[in-house]
Amino acid sequence: MRYILKKIGIFVLTIFAISILVFLAFQIIPGDPTTRMLGTQATPEKIAALRAQLGLDRPVLVRYFDWLGNFLRGNYGESYSYNMPVHELLSGKLRITASLTLLSFLMVLLISFPLGILLARFAHSWFDRVMMVLNQIVMSIPSFFTGILFTYVFGLILKFFTPTNFVEYADDHAGFWAYLVFPALSIALPKAAMVIKLLRGSMVRELSEDYVRTAYSRGNSRWQVLKGHVMRNAMVPVVTFLAVTLVDIIAGSIIIEQVFNIPGMGRLLMTSINGRDLPVVQTIIMIIALVVITVNYIADISYKYIDPRIRFR
Amino acid sequence: MKKLKNSHRAPNYNLIWGCVITSIMVLMIVVSFFWTPFNPDAMSYAEKDLAPGGAHLLGTDNFGRDIFSRVMEGAGTTLSIAFCAVAIGASFGTVIGGLTGYFGGAWDEFIMRINDAVTAFPSILLALVIVTITGSGRTNIIFILGILFIPSFARVVRGEFAKQRQMDYVKNAKLMGVKPGRIMFVHILPNIAPVLLSAVAIGFNNAVLAEASMSYLGVGVSQTEAVSLGRMLLDSQAYWMTSPWQALSAGCAISILILGFALISEGLGTRPMWRPTTKRRRKQHA
Amino acid sequence: MLDVKNLTVTFNDDHPAEAVRGINLHMEDGETLGLVGESGSGKTVTAMTIAGLLANDSAEINGEVIFDGRDLLHCSCSEMRLVQGKDIGVIFQEPMTSLDPLMRIGHQIEETVRLHFKLKPEERRSMALEVMRLVGLPEPDLTYKKYPHQLSGGQRQRAMIAAAFINHPKLLILDEPTTALDVTVQAQILDVFRRLNEKCGVSLLFISHDLRVVRRVCKKVAVMYNGEIVEYGDTEDIFTNPQHEYTKQLIAAVSAGRRTHV
Amino acid sequence: MSEPVLEVKNLNAYYYGNGVLGKKLKKQVLYDINFEVQEGEVLGLVGESGCGKSTLAKTILGLHADYDGEIIHHTNRPQMVFQDPKGSLNPAKTVGWIVEEPLRAYGKYSPEERRKRVIDMLERVGLSAKYAERKPRELSGGQRQRVGIAVALIQRPKFIIADEPVSALDVTIQAQILELLLELRRDLDLSYLFISHDLNVIRQISDRVMVMNEGRIIEQDTTEEIFTSPKTEYAKTLIDASLL
């Protein structure tokens with residue numbers, strides 16, 4: 001039990017540290033928001049008034065706790081360029097990016113597990129060599145290039161989907177998911193290739209372990225050894241990598257949203273970065289940071305159930 | 001004891017192909033500094049949207065610029081950025097990793113925590129955050145990627161140093177009175193060279209990907225500064241119908257660059273050419 | 001029970017030293033045969049070939065291994081699998097790595113039964129507990145649920161023996177089972193093997209580089225050098241008057257006589 | 001007896017593991033160790049794996065810092081011969097370079113002088129000069145251990161700790177290495193602390209023997225005494241288990 005309490009303690013601590021980091025990062029930015037908001041007729045008095053109004057003149061610590069308090073209550077401040085509350089801006093977009101990420105992660109699992117096991121079973125055969133070369137190539141193609149290829153081949157030529165008009169969830173559930181298939185696939189492909197390589201490598205490594213020899217000596221067939229013993233042992237490193245992969249997919253979705261112009265959080269992040277709309281950027285980064293920490297935390301906890309040796313440390 | 005011949009070992013295909021691909025690309029880039037078939041920025045309205053073949057090997061874009069020379073130039077920019085970023089990341093990473101790995105103690109714990117925290121975040125995200133603060137542009141990108149690569153290098157080097165530190169030959173060196181500096185760089189470094197080179201190759205792989213992504217997102221190398229493959233991809237996306245080969249050539253160039261480095265790291269990491277294969281365990285039942 | 005005729009194993013990859021050059025072995029039911037030799041003498045390869053655990057993609061095996069009238073070398077994998085675990089049990093050297101780290105001890109011991117007999121879980125469980133008691137594992141029902149890393153080296157080796165012996169095989173092949181253990185624990189494990197042989201009549205093929213260990217358990221000894229059997233006979237004769245030069249060297253190196261030195 | 005080479009007085013050693021919430025877990029490994037090594041003597045130390053033999057060796061040579069008590073060396077630059085011939089030699093370097101390294105660290109000789117001494121030492125341990133260009137992985141276990149001994153002796157130390165030097169070798173080669181160690185003791189009047197878990201090896205080479213169990217020296221006597229009339233129960237079981 002103490003083990004779990006300790007873990008939760010560290011989890012809260014990390015979140016607190018990240019929030020400080022993110023907040024400070026955006027305080028040291030050169031240039032003052034007020035100058036841009038006021039535009040050309042920025043006179044010193046107006047700037048001072050606006051600063052006071054926005055509370056920018058209060059000491060950093062006070063502003064931090066004020067920001068944190070608001071953040072926890074869901075009020076993320078005002079967007080500079082859209083001058084409407086950030087949370088309104090974000091509401092729909094969060095769900096889009098989340099569904100894109102989860103769909104992509106699901107694809108990674110569906111593609112990599114069967115193939116990984118199959119390649120481990122036929123390791124060092126010609127099939128394995130051919131697939132691994134293919135795997136290496138797919139891994140090297142950046143997701144946005146795959147995205148462009150998909151839009152070109154499946155969108156413009158085969159007309160499976162019309163590339164530019166995104167289908168809102170509200171008006172057509174099936175259409176929404178159908179449109180997301182190709183973007184999710186273009187994120188998932190390189191990641192799945194990496195998982196395949198890791199899973200296959202891990203299983204082949206486990207196959208040379210002594211306990212596999214013992215399993216054979218008891219009369220297990222090759223499949224029984226793979227299924228009963230090697231699979232679980234090979235999973236330990238794979239789980240760590242899956243956590244990293246999920247986080248990478250979030251990053252990947254930001255780029256893919258540009259390719260398929262999906263109005264998700266990523267796209268908003270890019271426009272606000274170019275427009276230097278800091279509250280929006282700060283909020284999105286904070287949300288992603290929270291998700292990343294939670295994912296890592298869950299992976300950390302799941303080790304206990306996969307590898308009993310860790311449980312007793 | 002007969003000298004172990006390496007010839008009958010299965011040649012390390014990954015490494016061979018990796019070197020072949022990378023050296024072709026590097027050759028192309030080096031040539032592009034002196035000569036390119038056409039001036040990459042020369043627009044000629046007459047030759048707009050020519051299909052590949054003939055004078056323009058890869059055709060021309062919507063402004064009539066020769067795509068092949070732009071790809072050569074773009075690859076040069078991407079690779080040079082990647083090179084500088086990896087140089088920064090590898091050098092600082094090796095020193096930090098070496099010191100913390102070899103000496104351990106409180107510093108080791110502290111820096112390890114930071115490394116874990118930074119590497120937990122996808123480098124692209126961090127880069128985007130910093131770009132918001134520092135602004136884009138070639139030099140900024142180099143420093144951002146360079147700094148972001150330090151933790152991943154430091155982690156790899158630290159792991160290797162910590163592992164080698166336990167080995168008897170290092171204890172032996174200490175007993176002889178060899179100074180720590182010499183132990184680290186003369187004794188330990190040659191033994192971790194394969195892993196280090198593999199990490200450098202992975203570094204290049206990630207650097208090219210990161211630079212291309214950021215340029216594609218419009219926050220990398222600005223259009224006026226230099227030609228970048230990522231930027232070409234972004235600009236050519238709108239001209240799918242008229243000149244798809246523009247995006248295709250830029251995208252393929254990026255992929256080939258990444259593939260070259262990925263193969264090298266694969267070849268170096270698992271079974272470097274000069275180290276004979278470990279004795280294969282005779283276990284699997286046929 | 002076991003007849004090995006002119007067994008030759010040659011490796012076509014990088015370490016010819018482990019080759020086996022035409023050896024003949026014979027074992028009756030209940031017999032204990034020691035196979036002694038240094039690393040590289042081919043003793044382990046011989047044992048693994050008999051147990052059918054040699055991946056023959058890298059090796060070329062010919063000769064015959066007649067076990068209960070059937071030549072194991074020329075039968076298919078599926079036929080071989082019927083023998084492995086049921087009639088032949090194997091125990092390996094490294095107790096630390098020879099057990100599946102993520103599977104409970106009881107479950108691993110039962111696996112040998114599950115593969116060969118259709119039994120209800122309770123029956124399998126009682127068989128497992130019974131064989132665990134036989135090999136001297138402390139509090140079997142507690143150890144049943146434990147994981148390998150929670151046991152000591154000696155206990156893990158006992159679990160290995162239990163797993164290999166649960167189906168009461170005719171032959172137990174022991175590949176240096178005590179080398180990785182401490183001296184005091186070694187003695188106990190050797191007693192377990194002796195008990196299994198005397199009480200349950202299982203024959204033992206004991207592979208080791210250490211003559212002292214073999215002498216405590218085996219009635220017959222075959223000394224292997226460079227892939228050939230250079231001496232074969234009753235243990236006591238071999239120790240009292242070794243014929244082959246190499247055997248003499250082996251015994252001299254291990255004998256307890258103090259070396260006179262200045 | 002002549003002047004002692006090494007004196008160890010009430011030595012306790014600890015290991016610091018990282019406990020919960022970073023609190024340091026202090027685990028004692030060696031309890032109140034007292035012994036001396038006389039000049040020209042081979043002192044055997046026997047005990048099962050994990051009883052702290054290697055920790056004692058590392059602590060005496062300063063490779064392990066967490067200890068209290070006194071360690072007095074009367075010779076300078078004591079050296080060590082390691083157990084695993086594969087790990088004790090730098091795999092990336094040639095044998096010649098490895099044996100020459102102590103002299104570089106010593107820094108007194110010119111390159112030619114150093115090379116000559118290396119060749120002499122290799123011959124002294126029974127390896128011909130042609131092995132100097134070879135890499136450690138091209139040598140057999142026995143040859144690698146000879147190189148390990150050459151490395152330990154080239155700085156002319158007077159006291160050597162041999163931590164299980166022959167355990168990883170085949171029986172026949174073990175005898176040759178033990179023979180070599182005794183020869184070198186005679187010629188270079190060395191003294192050894194010889195550590196092993198194999199009583200047979202200890203018996204063949206030691207003048208006096210210390211038996212260690214769970215970090216304590218439970219018995220210390222001449223080899224004859226220990227083997228003929230062991231006092232403690234633990235020593236008895238050890239000796240019975242090792243007899244033919």
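1. Salt bridges between the chains. Chain A and chain B share 1 salt bridge, the term standing for a side-chain nitrogen of Lys or Arg within 4 Å of a carboxyl oxygen of Asp or Glu. Its partners are Lys197(A) and Glu266(B), with N to O at 2.5 Å.

2. Basis. This is a predicted model, in which local features need pLDDT of at least 70 and side-chain atom pairs count only at pLDDT 80 or more, while totals for chains, interfaces and linings use all residues. Residues are numbered from 1 along each chain as its sequence is written, chains are lettered from A in the order in which they are written, and side-chain values use heavy atoms, with hydrogens and water left out.

3. Extent of the interface. The contact (heavy atoms within 4.5 Å) involves 42 residues from chain A and 35 residues from chain B. The area buried between the two chains is about 3,500 Å², with 77% from carbon and sulfur atoms; buried area is the accessible area (1.4 Å probe) that two parts lose on being put together, summed over both. On the side of chain A, Phe144(A), Phe145(A) and Ile148(A) lose the most area to chain B, together 16% of what that side buries.

4. Polar contacts and make-up. Between chain A and chain B, 2 residue pairs are in polar contact, both at pLDDT 80 or more. A polar contact is a pair of N or O atoms within 3.5 Å; within protein, one must be able to donate a hydrogen and the other to accept it, and residues adjacent in sequence count only if both atoms are side-chain atoms. Helices supplying at least two residues to the side of chain A that touches chain B include H1 (2-27), H7 (143-157) and H8 (173-207). H10(A) gives the most, with 8 residues.

5. Ser186(A). This residue sits in helix H8 of chain A. Ser186(A) counts as buried because its relative accessibility is 0%, the limit for buried being under 20% relative accessible area (1.4 Å probe, protein chains only). A polar atom of the Ser186(A) side chain lies 2.7 Å from the backbone oxygen of Pro183(A). Leaving aside residues up to four places away in sequence, Ser186(A) touches Ser143(A), Thr146(A), Gly147(A), Phe150(A), Ile256(A) and Phe260(A).

6. Chain A overall. Chain A has 13 helices and 0 strands, taken as DSSP runs (helices H or I, at least four residues; strands E, at least two) numbered from the N terminus. Of its 313 residues, 51% count as buried. Among contacts in chain A with a separation of 6 or more, 71% join residues 24 or more positions apart.

Definitions and conventions: Buried means under 20% relative accessible area, exposed over 50%, partly exposed in between (1.4 Å probe, protein chains only).
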